[in-house]
Amino acid sequence: MSDKVLEIRNLNVTFPSLERNVHAIRNCTLHVNRGEILGLVGESGSGKSVTSMAALGLLGSSARVKGNIRVVGREIIDRSEAELQEIRGRKVAMIFQNPFTALNPFFQVGRQVMDALLNSHFMSKEEARKRVFQAFKDVRLPDPEIAFNRYPHQMSGGQLQRVMIAMALVCEPELLIADEPTTALDVTVQAQIILLLRELVAKKNLSILFITHDLGVVAALCDRVAVMYAGMVVESGPVVDVLATPSHPYTSALMKTVPALGQTKDDLSYIPGQVPDMSVPIIGCAFAERCTKVSEVCHKQAPPRRAVLTDQFSFCHNASGPVALDEIVAGGRL
Amino acid sequence: MIKYVAQRLALMIVILAGVMVVTFALSRVLPGSPIEMMLGHRPTQEQIDLARAKLHVDEPIYTQFSYYVADMVRGDFGESLRTGRPVLEDVLERMTATFEVTTLAVILVVLVGVPLGVLSAVKQNHLVDHGARSFSIAGMALPVFLIGMMLQMLFYGELSWLPLQGRMNSEILLDYEFPRVTGLYLIDTLLAGQWLAFKSAAAHLVLPVLTLSIASLAVVTRITRNTMVEVLAQDYILTLKAYGMRKRRIYFLYALKATLIPMLTVIGLTYGFMLGGSVVVEYVFDWPGLGGYVVGAITKNDFPAVMGVTLFLSTIYLSVNLVIDLLYYLVDPRLRAT
């Protein structure tokens with residue numbers, strides 16, 4: 001087995017309903033190498049969160065999931081609830097967008113973290129309590145003993161997110177899925193949390209799938225980036241390469257929308273049009289309707305995957321570079 | 001904590017004072033003369049004068065009110081014009097009968113309604129959920145007297161498993177003496193070691209308790225289901241699932257505690273309401289409870305009894321609410337913070 005903690009291949013997720021089937025994820029393929037932080041970016045509705053939920057097998061019985069998802073070598077799709085509970089917490093942990101709602105308001109935060117630990121690891125309560133204190137120290141919560149007995153309403157957003165990170169760490173997972181963990185926080189707190197995550201990756205041999213719509217955060221934190229549009233990854237590669245030489249028009253468009261200091265209101269850029277209706281089949285390139293470089297072929301034929309640089313891939317007809325072969329896929333390039 | 005309790009207690013006293021004013025006012029405004037009721041037909045002038053003096057009816061209204069309040073505070077609810085006994089004594093005797101049925105009914109409602117509600121929330125739109133929902137709607141739609149009579153027809157008429165009515169078989173009541181320590185037959189018979197009498201008391205309780213609980217059961221199941229559905233959609237439930245927590249622990253520990261506040265409210269209100277006595281259930285099962293007593297007092301213009309019962313019930317209702325408020329305080333840490 002290669003050293004990938006998360007490997008998603010040809011993932012398709014459909015939410016069937018009476019009137020229409022929403023095809024939320026279309027042939028999504030991505031992976032996270034051990035010890036790296038992969039940033040998964042895209043605008044709202046592009047399928048980032050659905051992908052992360054699928055990775056934990058949390059989509060619920062109404063979703064139809066096809067493809068392969070491997071977490072630390074273990075297949076997730078079509079596993080029983082009992083098998084999934086083995087993997088959750090122990091192999092992969094998750095932190096969420098809104099720390100204010102992610103913790104139960106009726107229980108002390110320390111108790112909740114301890115319960116998550118006791119659920120995934122066999123140990124005495126005393127030992128568990130010690131480890132929770134240590135984890136609180138690791139995430140720089142002041143006064144771990146006091147924090148342990150606090151209720152969520154007595155803490156700030158930044159503190160709560162630290163508690164969530166502590167909950168993830170204490171279970172010693174190999175993969176951490178962070179679903180927009182800084183979106184609900186102040187910018188200064190956001191910077192602290194990002195620094196903390198960076199440090200923890202280095203110290204704990206952790207790998208992170210970091211979901212965000214903020215390219216600035218990606219630049220500051222991630223090693224590689226995967227750009228998602230309409231349920232599929234349209235471009236991926238090392239952050240330096242992708243941000244310096246984006247090969248997909250959607251990536252370029254996203255980068256233009258990042259506001260810079262000193263910009264006036266009139267300079268604010270956005271991508272015209274909207275994400276395609278996911279309940280109808282898409283012919284050709286999903287981004288064609290909004291693309292500035294669109295040509296005739298874009299409406300007719302789905303673009304192949306091209307290797308624009310050694311480790312940078314793009315699904316665009318205009319991208320230069322050889323079409324990536326399936327053998328390469330099997331060899332573990334993307 | 002002390003401040004919270006003090007606040008609730010102060011509020012309770014204010015409400016009770018209000019109740020006293022209203023009951024007093026009503027007793028002076030409503031038609032019908034208590035004197036006539038007390039003395040029967042054709043009393044002598046002497047008797048009338050005596051009664052008027054006893055009831056203070058010739059004095060100014062505010063003096064009458066102050067007498068009334070003073071009596072109430074001392075726990076003197078006056079004498080029933082109908083039975084000639086102290087109202088408090090009558091009420092307490094009837095109350096224990098009502099209390100026994102009601103408490104058992106509420107316990108049954110909680111033991112069955114809460115798990116059923118959780119189950120149908122978890123199995124949303126599956127068979128269990130539909131079953132529980134049909135049962136809820138039926139329970140709410142069927143009149144209580146009909147449920148009671150159907151149960152009687154089945155368990156007494158067809159099967160002869162359970163007695164028809166009353167609190168105890170009259171022969172057993174005569175043959176086996178037991179002191180009325182608490183007024184609750186189940187407990188008194190046990191204390192006296194009268195096993196046969198205990199069995200008879202228990203058998204007599206089954207149908208009234210069932211009848212009384214069915215309507216409330218429907219409400220509690222419904223409320224539990226709906227709050228549970230809401231709670232299960234919360235982010236913190238997703239967190240638990242993402243950490244591989246077992247379902248049963250999620251539902252019955254983490255989710256259930258979050259549903260306690262609305263559930264305590266419903267259960268408390270139901271209990272307080274039922275403690276007033278269910279006239280219908282008491283009539284169907286010939287149960288000597290408070291409901292029948294109140295109806296009798298109202299139709300016979302028995303003012304001291306009506307006023308006494310009103311004040312007594314208000315106190316009980318407010319006490320139940322006070323207990324619920326204290327439980328809120330224990331359950332929800334956010335209340336404790338302020």
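## Polar and charged contacts between the chains

In this predicted model, eleven residue pairs, both members at pLDDT 80 or more, are in polar contact between chain A and chain B. Five elements of chain A, namely helix 2 (81–87), strand 6 (92–95), helix 3 (99–102), helix 4 (109–120) and helix 7 (157–170), each supply at least two residues of the side that touches chain B. Of these, helix 4 of chain A gives the most, with five residues. By residue class, the side of chain A that touches chain B divides into 18 nonpolar, seven polar and four charged residues.

Two salt bridges are counted between chain A and chain B. In a salt bridge between the chains, the side chain of B:Lys247 meets that of A:Glu81, with 3.7 Å from N to O.

## Extent of the interface

On the side of chain A, 29 residues are in contact with 22 residues of chain B. Together the two chains bury about 2,400 Å² between them, and 61% of that area lies on carbon and sulfur atoms. A:Phe106, A:Phe107 and A:Asn119 supply 26% of the area that chain A buries against chain B, which is more than any other three residues.

## Confidence in chain A

The average pLDDT of chain A is 87, and 96% of the residues score at least 70. Over residues 327–334 of chain A, however, pLDDT stays under 50, and for this stretch the model has 15 contacts beyond four places in sequence. Where pLDDT is low, predicted coordinates should not be read in detail.

How values were computed
Residues are numbered from 1 along each chain as its sequence is written. Chains are lettered from A and ligands numbered from 1 in the order in which they are written. Side-chain values use heavy atoms; hydrogens and water are left out. Contact means heavy atoms within 4.5 Å. Buried area is the accessible area (1.4 Å probe) that two parts lose on being put together, summed over both. A salt bridge is a side-chain nitrogen of Lys or Arg within 4 Å of a carboxyl oxygen of Asp or Glu. A polar contact is a pair of N or O atoms within 3.5 Å; within protein, one must be able to donate a hydrogen and the other to accept it, and residues adjacent in sequence count only if both atoms are side-chain atoms. Helices (H or I, at least four residues) and strands (E, at least two) are DSSP runs, numbered from the N terminus. Ala, Val, Leu, Ile, Met, Phe, Trp, Tyr, Cys and Pro count as nonpolar, Asp, Glu, Lys and Arg as charged, and the others, Gly among them, as polar. pLDDT is the predictor's confidence in each residue, from 0 to 100.
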